[in-house]
Amino acid sequence: ADSFVGSTGGVEGADFRITGSWFRDKMTKTFDSEKARYLKYWDRLNSHLTDVDDGQLSYQNNKDVLSLESGRLLKSRFSGFIEDFERVYTVHRNFTVIDPRLRVMLQDDIRGVFLTRYAGFFQKYSRINFSKKNMESYLKYPPQKIDSLLGQLFLMQ
């Protein structure tokens, strides 16, 4: 097997550099590909954040509370998001990224996958009374809290 030999004749990894642009290109391509695969875990959250057509929302007689069926529609969107977020976050919060620039970049990339969409969804639908008893459980993750939790990802525990 080939080995790299340093200037002192021994095998010393610190003595070697790969300077060809082909290597940087290959590593960049590989990194981008693997990062895209990783971000797909977070992309599943978007499946819960689709707009609900106003025609699908019907209100009870007092016009302040959604009908049972319309309420269930919004409950399922919020609860599906919460369930998937908690599942993905629980797994990924235990990862550590030592390089601070890489850590911040990954946190920002994750935010870019779903946070803006979630903020719009939350703003639009959290104002609607879709649950008589448990609104706070469906709204337990305002966008600011999600943002804060994402900022804690990849830190050394």
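I took helices (H or I, at least four residues) and strands (E, at least two) as DSSP runs, numbered from the N terminus. The model is predicted, with pLDDT of at least 70 needed for local features and 80 or more for side-chain atom pairs, while totals for chains, interfaces and linings use all residues. Residues are numbered from 1 along each chain as its sequence is written, and side-chain values use heavy atoms, with hydrogens and water left out.

**Fold.** I find five helices and zero strands in the protein chain, and from the N terminus on the elements run α-α-α-α-α. Of the 157 residues, 34% are buried, where buried means under 20% relative accessible area with a 1.4 Å probe and protein chains only.

**Arg-77.** I looked up Arg-77 in helix H2 (residues 68-92) and asked which side chain of opposite charge is nearest to it. That side chain is Asp-51, 7.0 Å away, and Arg-77 is buried yet has no salt bridge (a side-chain nitrogen of Lys or Arg within 4 Å of a carboxyl oxygen of Asp or Glu); for charge, Lys and Arg count as positive and Asp and Glu as negative, with His and the chain ends not counted. The side chain of Arg-77 does reach the backbone oxygen of Thr-50, at 2.6 Å.

**Arg-111.** I then turned to helix H3 (residues 100-125), where Arg-111 lies, and asked why Arg-111 counts as buried. Arg-111 is buried because its relative accessible area is 18%, which falls under the 20% limit. Its C-alpha atom is separated by 9.9 Å from that of Leu-39, 72 residues apart along the chain.

Key: Buried < 20%, exposed > 50% of the residue type's maximum accessible area, 1.4 Å probe, protein only. Polar contact = N/O pair within 3.5 Å; in protein donor to acceptor, adjacent residues only side chain to side chain.
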